[in-house]
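Here is a short briefing on one protein chain. Look at the sequence and the fold, then read the points by topic.

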Amino acid sequence: MIMNTTRTETGYQLDDMHVNAKPYSRLPTQQARTLLLVAKGLPQKSIANVLGVKLCTVRQACNELSFKFNTHSMRQTVHQAIKQGVLRYTVCLILCLLNAANSDVERSFRTIRVARTVRNTRARRMRELQNDLLAA
């Protein structure tokens, strides 16, 4: 399997993914290239073969990436890297935009639902107060 990362002005590129490396980001070269291949979905053994390093080197890079992004899995690490703008992936940008739009719609729906609940609660309290006044 031939997957060569190409050096760009600000980092590394693989297909339609781009990751920033030092000095443009806090990621050293090895971690940047590892992050690219992890985002591509390769297992650690394949990443070691592609990069021409030992498996323990890839594991160490993955552990350091998880620590830097404060995550517990490589999937979360890739997500955080995209979220923070370190990893740019054309399809992921579209998905992130759709997700943001969806959460905005969900948030507005939640706001409407909460406002309706507050109105109903106020109306019920007013009726109870009126009934109490009439009964007294």
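## Overall layout

The protein has five helices and four strands. This is a predicted model. Along the sequence, the elements follow the pattern β-β-β-α-α-α-α-β-α.

- The protein has 136 residues, and 29% of them count as buried.
- Take the contacts between residues at least 6 apart in sequence: 40% of these join residues at least 24 apart.

## The nonpolar core

- In soluble globular proteins, nonpolar side chains tend to be buried together.
- Here, the largest nonpolar core has 25 residues. Those with the most contacts inside it are Val19, Leu27, Leu35, Leu36, Ile47 and Leu87.
- Which elements give two or more residues to this core? They are strand 2 (11–14), strand 3 (17–20), helix 1 (29–40), helix 2, helix 3 and helix 4 (74–83).
- Helix 1 gives the most to this core, with five residues.

## How the helices cross

Two packed helices are described by the angle between their axes and the distance between the axes.

**Helix 1 and helix 2**

- Their axes come within 10 Å and cross at roughly 130 degrees.
- Helix 1 and helix 2 are therefore oblique to each other.
- The crossing of helix 1 and helix 2 is right-handed.
- Helix 1 makes the contact with Gln30, Arg33, Thr34, Leu37 and Val38, while helix 2 uses Ile47, Val50 and Leu51.
- By class, the residues of this contact are five nonpolar, two polar and one charged.

**Helix 1 and helix 3**

- The axes of helix 1 and helix 3 come within 9 Å, and they cross at roughly 90 degrees.
- That angle makes helix 1 roughly perpendicular to helix 3.
- On the helix 1 side, the contact is made by Gln31, Thr34, Leu35 and Val38. On the helix 3 side, it is made by Val58, Ala61, Cys62, Glu64, Leu65 and Lys68.
- The contact of helix 1 with helix 3 has six nonpolar, two polar and two charged residues.

**Helix 2 and helix 3**

- Helix 2 covers residues 44–51 and helix 3 covers residues 55–69. Their axes come within 8 Å and cross at roughly 110 degrees.
- Helix 2 is therefore roughly perpendicular to helix 3.
- The crossing of helix 2 and helix 3 is right-handed.
- Gln44, Lys45, Ile47 and Ala48 of helix 2 meet Leu55, Val58, Arg59 and Cys62 of helix 3.
- This contact of helix 2 with helix 3 has five nonpolar, one polar and two charged residues.

## A closer look at helix 2

- Which residues of helix 2 are buried? They are Ser46, Ile47, Ala48 and Leu51.
- Helix 1 and helix 3 are among the parts that cover these buried residues.
- Ile47 is one of the core residues with the most contacts. Leaving out residues up to four places away in sequence, Ile47 touches Thr34, Leu37, Val38, Leu42 and Val58.
- Gly52 follows helix 2. The phi of Gly52 is positive, near 75 degrees.

**Ser66**

- Ser66 lies in helix 3.
- Is Ser66 buried or exposed? Its relative accessibility is 13%, so Ser66 counts as buried.
- Setting aside neighbours within four places in sequence, Ser66 is in contact with Thr71, Ser73, Met74 and Thr77.

**Asn70**

- Asn70 sits in the loop between helix 3 and helix 4.
- Most residues other than glycine have a negative phi, and most peptide bonds are trans.
- Asn70 is not a glycine, yet it has a positive phi of about 55 degrees.
- Asn70 counts as exposed because its relative accessibility is 69%, and the cut-off for exposed is over 50%.

**His79**

- His79 lies in helix 4.
- With 42% relative accessibility, His79 counts as partly exposed.
- His79 and Ala39 are 40 residues apart along the chain. Their C-alpha atoms are separated by 9.0 Å.

Notes: Residues are numbered from 1 along each chain as its sequence is written. This is a predicted model: local features need pLDDT of at least 70, side-chain atom pairs count only at pLDDT 80 or more; totals for chains, interfaces and linings use all residues. Side-chain values use heavy atoms; hydrogens and water are left out. Axes are lines fitted to C-alpha atoms, for helices over the stretch in contact, and angles run from 0 to 180 degrees between N-to-C directions. Angles under 35 degrees count as roughly parallel, over 145 as roughly antiparallel, 65 to 115 as roughly perpendicular and the rest as oblique. A crossing is left-handed if the near helix is turned anticlockwise from the far one by less than a right angle, and right-handed if clockwise. Contact means heavy atoms within 4.5 Å. Ala, Val, Leu, Ile, Met, Phe, Trp, Tyr, Cys and Pro count as nonpolar, Asp, Glu, Lys and Arg as charged, and the others, Gly among them, as polar. A nonpolar core is a set of buried Ala, Val, Leu, Ile, Met, Phe, Trp, Tyr and Cys residues joined through side-chain atoms within 4.5 Å. Buried means under 20% relative accessible area, exposed over 50%, partly exposed in between (1.4 Å probe, protein chains only).
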